[in-house]
Amino acid sequence: MTKLSRRLFLSCAPTAAALTALGTLPVSAQAAEIKWDQTYNVVVIGAGGAGLSAAISAKEAGAKKVVILEKMMFAGGNTVRAGGGFNAAIKADYEKAGITDSPKLHAEQTLAAGDGRGDPVLVNQLTEKAPESVQWLKDHGVKFQDHIYQIYGGLYKRARNPLGPRGGAYIKALLEVCKKEDIPILYNTRVVEIIREKLLGGRVLGVKVEEKGGKTLYIRATNAVVAAAGGFAANDRLSGIHDPRMEKLGTTNHPGATGDVLMDLIDIGAGTRGLDYIQCIPGGVPGEKKSPNLFTHVDRFIFVNLNGHRFINEDARRDVLRDKMLDQPETIAWTIVDADGFEQQKNSKGPENEAALKEGTLKVGNDIADLAKKTNLPVDVLTKTIEEYNKAVDTKKDPMGRNPNVLVNKIAKAPFYAGRVTMKRHHTMGGVIINKDAQVIDRRGEIISGLYAAGEVTGGIHGTNRVGGNAMADIFTYGRIAGTNAAKNPA
Ligand code: ADP
């Protein structure tokens with residue numbers, strides 16, 4: 001059924017529908033005929049990091065009535081599952097760490113890591129405003145650990161973690177703010193259509209939603225709709241369209257990351273970019289319920305393949321890591337850390353690793369020979385691999401090409417730990433086109449009035465490859481921008 005006829009059947013009063021079918025009414029009349037069930041100033045789609053920060057910012061910028069529509073029965077989306085590492089070049093933090101940094105360097109590295117496919121205007125906006133976003137989160141109840149580190153795929157020591165349950169720490173704090181600010185979140189409420197004055201023209205007026213029991217409602221946005229519905233890495237078919245390797249990989253994402261709002265946005269003419277750039281990170285191998293996670297701190301671990309050999313400099317870009325791991329036997333690697341490395345992961349990955357230890361998917365060896373036995377790796381090869389790695393730490397020269405700044409910790413202190421990983425779809429870099437004010441741009445390059453987007457549903461920031469730690473910076477920075485601007489955009 002075409003979009004036009006679907007609207008005819010579902011959204012119009014009988015007279016209008018009949019008239020339009022006869023071709024006597026313009027398409028815009030369909031929107032004009034809608035009887036709105038609820039009206040708000042700003043309607044936010046999605047209760048993840050981008051959506052919550054957009055809604056709060058809209059309220060703080062003067063929107064009286066703000067609502068968040070969430071298709072799942074809980075908030076958080078992928079943000080709640082994220083490690084929470086947040087990249088921002090904050091002077092006090094990098095000076096304390098004894099390094100130099102700046103938003104400009106952050107932008108340059110982000111653009112280079114995305115092979116120049118990120119939009120420099122969007123990237124500069126991101127890196128300049130990311131420090132403010134950290135402060136904004138602090139002002140809204142998020143507490144941070146007091147050190148910065150180089151996160152997996154992060155390329156530079158620039159990430160900080162919140163105290164508490166990683167990405168969940170942001171969501172928990174912002175949900176509290178929503179409660180205080182009287183911002184309702186309508187759960188089990190799935191946006192199925194974005195309504196524009198005309199099919200491919202005019203202002204965005206609101207959305208059509210489907211409640212759990214199948215009831216549909218029309219929700220009007222007098223100022224703007226903010227699309228913050230996340231990515232599509234949980235959608236096998238969409239993920240595999242450009243890169244068939246992706247279709248079968250499985251995902252780290254929550255089941256709601258299916259890209260349905262992205263499709264709704266395309267339906268009303270939004271332009272897209274980068275839909276073929278899909279980031280993977282290590283995740284559990286099929287059949288293991290609790291997956292060990294030993295790879296957060298790049299200076300602590302090595303990957304070895306099922307033959308016991310390293311196959312990559314572990315500080316490589318995430319897309320390079322993905323492709324290398326997908327080339328290994330059975331596309332599986334063991335992540336190996338020593339006792340100190342395991343201890344360091346406890347801050348961020350403690351509960352996961354405890355569960356994996358219990359299930360037996362996380363292996364522990366009293367020495368390397370014992371670890372080789374537990375992992376079924378050839379003992380002579382594994383011993384040599386670790387010796388060579390430790391030598392590289394001493395000489396600061398790694399035959400695999402690891403940067404000396406992450407050649408600082410040997411794998412030397414017993415007990416030793418190992419967990420198997422394979423590649424999982426993690427982040428979809430592509431999405432709808434926005435400008436630096438978070439307005440959505442249509443296929444012809446025109447601004448779609450009354451429509452903003454933020455977070456993983458957007459494209460053009462991370463290019464081919466998102467830098468580890470930049471997702472949190474992106475969702476909270478563009479979430480704040482989208483919400484603030486949406487509030488100031490009355491029809
Ligand atoms: P981001 O990191 O960009 O904030 P998240 O994945 O954290 O993205 O959050 C996106 C949220 O949007 C999720 O909670 C997801 O369930 C929600 N969502 C996705 N599609 C819809 C939809 N059609 N209607 C309402 N909410 C949606």
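Predicted model: local features only at pLDDT ≥ 70, side-chain atom pairs only at ≥ 80, totals over all residues.
Visitor: Good. Where does Lys397 lie, then?

Guide: Lys397 sits in the loop between α14 (379-395) and β14.

Visitor: Is Lys397 buried or exposed?

Guide: Exposed, with a relative accessible area of 64%.

Visitor: And what does Lys397 touch?

Guide: Leaving out residues up to four places away in sequence, Lys397 touches Ala392 and Leu407. Ala63 is another matter: 334 residues apart along the chain, the C-alpha atoms of Lys397 and Ala63 are separated by 57 Å.

Visitor: Let's step back. How many helices and strands does the protein have?

Guide: There are 15 helices and 17 strands in the protein. With a radius of gyration of 24 Å, close to the 23 Å from the globule rule for 491 residues, the protein is as compact as a globular protein of that length.

Visitor: What does the C-alpha trace span along its principal axes?

Guide: About 80 × 45 × 40 Å.

Visitor: And how many of the residues are buried?

Guide: Buried residues account for 60% of the 491. Of the contacts between residues at least 6 apart in sequence, 75% join residues at least 24 apart. The accessible surface comes to about 19600 Å², and carbon and sulfur atoms hold 52% of that.

Visitor: On to charges. How many positive and negative side chains are there?

Guide: The protein carries 65 positive and 54 negative side chains, and the centres of the two sets are 3 Å apart. Side chains of opposite charge can pair when their charged atoms come close. A search of the whole structure turns up 25 salt bridges.

Visitor: Show me one. Which side chain does Lys91 meet in a salt bridge?

Guide: Lys91 meets Glu95, at 3.5 Å from N to O. They are 4 residues apart in helix α5 (residues 91-96), so about one helical turn separates Lys91 from Glu95. An α-helix has 3.6 residues a turn, so residues three or four places apart point the same way. Lys91 counts as exposed, at 52% relative accessibility.

Visitor: What about Asp93: which residue forms a salt bridge with it?

Guide: That would be Arg160, with the closest N and O atoms 2.8 Å apart. This pair links distant parts of the chain, since Arg160 is in strand β4 (residues 159-160) and Asp93 in helix α5, 67 residues apart. Arg160 is buried at 3% relative accessibility, while Asp93 is partly exposed at 23%.

Visitor: Where else does a salt bridge link distant parts of the chain?

Guide: Asp236 and Arg425 form one, with the closest N and O atoms 2.6 Å apart. Asp236 belongs to helix α9 (residues 236-240) and Arg425 to strand β14 (residues 416-428), 189 residues apart. Asp236 is partly exposed, with a relative accessible area of 39%, and Arg425 is buried at 0%.

Visitor: Which residues are linked in a network of salt bridges?

Guide: Lys71, Arg190, Glu210 and Asp260. Asp260 is also one of the buried residues of helix α10 (residues 260-267), along with Val261, Leu262, Asp264 and Leu265.

Visitor: So what covers the buried residues of α10?

Guide: The cover includes β1 (38-45), β6 (189-198), β8 (216-227), β9 (272-273), β15 (431-432) and β17 (447-453). After α10 comes Gly269, with a positive phi near 100°.

Visitor: Now α6. Which of its residues are buried?

Guide: In helix α6 (residues 103-113) they are His106, Ala107, Gln109, Thr110, Leu111 and Ala113. Among the elements covering them are β3 (86-87), α7 (120-139) and α15 (470-487). Asp115 follows α6 and has a positive phi, near 55°.

Visitor: Last one: where is Thr428 found?

Guide: In strand β14. Thr428 is buried, with a relative accessible area of 1%.

Visitor: What does Thr428 touch?

Guide: Not counting residues up to four places away in sequence, Thr428 touches Gly231, Phe232, Ala233, Tyr277, Ile278 and Glu456. Thr428 and Gly274, 154 residues apart in sequence, are 8.6 Å apart in space, C-alpha to C-alpha.

Terms used
Residues numbered from 1 in each chain as written. Heavy atoms only, no water. Helix = DSSP H or I, 4+ residues; strand = E, 2+ residues; numbered from the N terminus. Rg over C-alpha atoms; globule rule 2.2 N^0.38 Å. Buried < 20%, exposed > 50% of the residue type's maximum accessible area, 1.4 Å probe, protein only. Contact = heavy atoms within 4.5 Å. Areas by Shrake-Rupley, 256 points an atom, 1.4 Å probe, with all protein chains shown as cover. Lys, Arg positive; Asp, Glu negative; His and termini not counted. Charge placed at Lys NZ, Arg CZ, Asp CG, Glu CD. Salt bridge = Lys/Arg side-chain N within 4 Å of Asp/Glu carboxyl O.
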